[in-house]
Amino acid sequence: MEASSKYSLLLLFFFTTVLLPSALSQGAVNPPAPAPAPESGCNGILLSYDLWGAPTKIRPFLKDPTNQAYKFQSRASVLNSGTTVLKAWALLIKFQYKEIIVTMKGGFLTNGADLPYNTTVDVNATSISGDPNADLLTPIATANDQSLIEADIDLVGTLFGGPKTLNPFPVSISLADPSYICPPLPKPGNYTFSMSTCCVPNPIFNPNNTVISNITDPKKDYKPNPAGDLIITYDVLQAYPSSYLASVSIENKAPLGRLDNWHLTWTWKKDEFIYSIKGAYPLKVDATGCIYGPQATYYSNLDFSKVLNCERNPILLDLPLSHYNNSELGRIPHCCRNGTILPKAMDPSQSISAFQVQVFKMPPDLNITKITPPQNWKITGGSSLNPDYTCGPPIRVSPTQFPDPSGLESNSTAFATWQVSCNITAKANKPKCCVTFSGFYNESVIPCNTCACGCPANRAGSTCSTTQPALLLPSEALLVPFENRTAKTLAWASLKHFNVPNPLPCGDYCGMSMNWHIATDYNKGWTARITLFNWGQSDFANWFAAVEMDKAYLGFEKMYSFNGTSVGNNTIFMQGLEGLNYLVKMSNGTVGGPMVPGKQQTVVSFTKKLTPGIDVIGGGGFPSKVFFNGEECDLPTRFPVSGGFRRGFGGVWTVLGFVVVLVLNLN
């Protein structure tokens, strides 16, 4: 009995300590991992910056600690803990130790620059965008799926003169999205390796400038279409696992901007290459980069002799008009105009340029939905009168709707759409055109300013003064190039007893000029004569000009030889009549004769009914700004005064003087 009890106890012990735990463990195979604990106190966007250990001192070893180089490794994280989808986010990191980013995973520089990247070139902060997680969804819409609500950016680089505590954190981290406010980072303590801040919605941000997220279907949330002087749209029309077809359109939004012979370039970030293009062509047709790169290894069966371009930064140009009906190269709406993009006020149909490009992708992006648009967009014009543009990063927007080509009342939708906003930047160099003023009440013409378009350093001929004001001219001198104008100018100065400096003033060196001449001024209105002069070696096709009339705009009536239109902001837009909008270059007037400029002229009339009290002669009848083909022209700093009269009135004044003397003698 005693032995039996001991045996039962042994069986019970074996069952409870061995069999029962084993059975329990078999009944709970692969238990789910617990969800990560939510970040306490942050119901917005959590930004964190973690150092992977202390920076490592690297060669060369220097005695000056401020210039000593260190290797650093860090991770910047963006976690969406709110209820709004974070679309096309960009992280702003303000570095403080002259950091150079050598490698980056999980993101790319928003400005499209290549690595290694010197962060000291950034005035305020270095902007980094997410890749592949360009949009961070909400925890509610994804059941807290970390792969969809969080993005990690791993950085490896070099810094200089790290602090003694060896925890060189950035000064600040924030979001580029103005709808969020990010508190400053706390001051790091000794041997701190992680810092974070919680960005919350900005209560004073205008909600009309953003998109309210759709919690149940976050894929319907897109950034609003950006504004700008030039909008480039990148529409993916067809998508395949290893390639896609995209349409690129360039739309002019600037009322006075234009491009001639545009050159468009961008940067591929994932080893993509251009297989074919319709409606444009690359400046360089070359597949060498693919043949000696990873592309040829992966696409081993592809005939690379048919590949159009493998450059990382291709330069694309518009086709000439003669190729529009070419079935292989053209037949794309808005293509093939030799790179000319005009303002909408001039011709809406020519304010857009477009082409299509077939792009091949590389691993690991071999997924039909995995498409990375090109970065670092740049566009320039081929004319010196074209403005300079600065372009931002591509922004994912709502897919473009295209009308059905068959005429049915339905639209086809692009697979995906990005837009790039480009804005005109002020040119640091001199203008390319200038203006002269004159009036019926004064025999002299106010010329273009000295060196109005810049004076070349290696000027030919005798020395001239770059600071002396230009000498007044007789009206006939406007038809003569500056280098042939000296004799007429000196003769006029002698006749009018003008002071002549020594040395004489330099010319204006402008290839284009406009003369604004007050022709009449009467009780109910007045007129001006506008003459355009082309002193350059190139013709101006489809030219346009604009003037700002601060005091006379409301009185504008019509132009007689140009098409003139009031476009708002005190601006009158003008262009040549159909068939007459071609301003020829300077040429010989006769065989062996002097050079004469290409010119066109019109008269413009104004009424005084809506501008009572306007002083036309005192300055109200002259423009405050003048533009030619989008380029702002240099204006004189003075107006013609009413102290002199044309020779045509001289006889009248002589007769009147004789009559007065005769009457006095009779009396």
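Strands (E, at least two residues) and helices (H or I, at least four residues) are DSSP runs that are numbered from the N terminus, and on that basis Asn-261 sits in the loop between strand E14 (243-252) and strand E15 (263-267). This is a predicted model, in which local features need pLDDT of at least 70, side-chain atom pairs count only at pLDDT 80 or more, and totals for chains, interfaces and linings use all residues. Residues are numbered from 1 along each chain as its sequence is written, and side-chain values use heavy atoms, with hydrogens and water left out.

**The chain as a whole**

- The chain contains eight helices and 41 strands.
- Of the 667 residues in the chain, 44% are buried, where buried means under 20% relative accessible area, exposed means over 50%, and partly exposed lies in between (1.4 Å probe, protein chains only).
- Among contacts in the chain with a separation of 6 or more, 70% are between residues 24 or more positions apart, a contact being heavy atoms within 4.5 Å.

- An open sheet of four strands has the order E6-E8-E4-E10 with antiparallel pairing, two strands being counted as paired if DSSP finds at least two bridges between them.
- Its edge strands, each pairing on one side only, are strand E6 (107-109) and strand E10 (172-175).
- From one strand to the next the twist averages 30 degrees, with axes taken as lines fitted to C-alpha atoms (for helices over the stretch in contact) and angles running from 0 to 180 degrees between N-to-C directions.
- E6 and E8 are antiparallel and pair over three bridges, and Phe-108 stands opposite Ser-129 in E8.
- Strand E4 (residues 90-94) is joined to E8 by four bridges in the antiparallel sense, with Thr-126 in E8 as the bridge partner of Ile-93.
- E4 is also joined to E10 by four bridges, again running antiparallel, and Leu-91 stands opposite Leu-175 in E10.
- Ser-174 belongs to strand E10 and is buried, with a relative accessible area of 19%.
- Leaving aside residues up to four places away in sequence, Ser-174 touches Leu-47, Ala-90, Leu-91, Leu-92 and Cys-182.

**The five-stranded sheet**

- Five strands form an open sheet in the order E34-E35-E32-E40-E41, with antiparallel pairing, and the edge strands, each pairing on one side only, are strand E34 (562-568) and strand E41 (631-632).
- Strand E40 (residues 625-628) pairs with E41 in the antiparallel sense over two bridges, and Phe-628 stands opposite Glu-631 in E41.

**Strand E30 and its partners**

- Nine of the ten residues of strand E30 (residues 525-534) are buried, so that the strand is mostly covered.
- Strand E29 (residues 512-521) pairs with E30 in the antiparallel sense over nine bridges, and a hairpin joins E29 to E30 through three residues.
- Within that pairing, the bridge partner of Asn-515 is Thr-531 in E30.
- Ten bridges, in the antiparallel sense, join E30 to strand E39 (residues 598-607), where Val-603 in E39 is the bridge partner of Arg-529.

**The largest pocket**

- The largest pocket holds about 1,500 Å³ of space.
- On a 1 Å grid over the protein atoms alone, a pocket is an open set of points with protein on both sides within 12 Å along at least five of seven lines, and lining residues have an atom within 4 Å of a point.
- Grid points are joined across faces, edges and corners, and a volume is the space filled by probe spheres set on the points.
- There are 48 lining residues, and Ala-88, Ala-134, Asp-135, Arg-396 and Trp-418 lie nearest the centre of the pocket.
- Strand E8 (126-130), strand E22 (395-397) and strand E25 (416-425) each supply at least two residues of this lining.
- By class the lining has 26 nonpolar, 14 polar and eight charged residues, with Ala, Val, Leu, Ile, Met, Phe, Trp, Tyr, Cys and Pro counted as nonpolar, Asp, Glu, Lys and Arg as charged, and the others, Gly among them, as polar.

**Backbone features in loops**

- The peptide bond from Arg-59 to Pro-60 is cis, with omega near 0 degrees, and Pro-60 lies in the loop between strand E2 (56-57) and strand E3 (69-80).
- Leu-115 and Pro-116 are joined by a cis peptide bond with omega about -5 degrees, and Pro-116 is in the loop between E6 and strand E7 (117-118).
- Asn-261, a residue other than glycine, has a positive phi near 55 degrees and is partly exposed, with a relative accessible area of 32%.
- His-334 likewise is not a glycine and has a positive phi of about 70 degrees; His-334 lies in the loop between strand E18 (315-318) and strand E19 (352-360) and is partly exposed, with a relative accessible area of 34%.

Key:
1 Å grid on protein atoms, 1.4 Å probe; cavity = no way out; pocket = protein on both sides within 12 Å on 5 of 7 lines; lining within 4 Å.
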